[in-house]
Amino acid sequence: MNSRIATLTALAAFLLAAPLGAQTADESRTRSLELARRYTTWFYTGEADSLWANMSPRMKRRLGTARELIDIHRRLITEGGAEIAVLEERFVTRYKRAQYWRTARFSEVSEPVLLRWVIAPDGRIDAMGLGPLSRAPSVDRSN
């Protein structure tokens, strides 16, 4: 396995924790594509403080400090390069919770990368995932 893909796989395992609670499909629709894109932009541009301010207490406990977001961002840039094309954006339901999935091509890896955000009903980031598309988790359904 390509070492860059292995690094992205390891990031995915670390970032996306097992879900807590349920969010209905109707609640997920209130989470706008604009909000998910904003979080993605902040992540890609290394705006860890902005992301940190919008994370749930659960996600903050998982990461420990905003510094971890900076480290994750650096690993993505080092291993994956820059996003060069968005292939797909969609919302899926996994464990009865809405997730925003962004599949994109990156400059330093041949396989598309999947970035996932779980956005709680209050708009905060409750979980995130990052890894190769071939390692995408199963979903309850696509929305």
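In which strand is Met128 found? Met128 sits in strand S4, which covers residues 125–132, where strands are DSSP runs of E with at least two residues and helices are runs of H or I with at least four, numbered from the N terminus.

Before I go on, please keep in mind that this is a predicted model, in which local features need pLDDT of at least 70 and side-chain atom pairs count only at pLDDT 80 or more, while totals for chains, interfaces and linings use all residues. Residues are numbered from 1 along each chain as its sequence is written, and side-chain values use heavy atoms, with hydrogens and water left out.

Overall, the protein has 6 helices and 5 strands, and along the sequence these follow the pattern α-α-α-α-α-α-β-β-β-β-β. Of its 143 residues, 48% are buried, meaning under 20% relative accessible area with a 1.4 Å probe, protein chains only.

Back to Met128, which is buried with a relative accessible area of 0%, and whose C-alpha atom is separated by 8.7 Å from that of Met59, 69 residues apart along the chain.

Finally, leaving aside residues up to four places away in sequence, Phe43 touches several residues, among them Leu51, Leu69, Trp117 and Met128, where contact means heavy atoms within 4.5 Å.

Key
Buried < 20%, exposed > 50% of the residue type's maximum accessible area, 1.4 Å probe, protein only.
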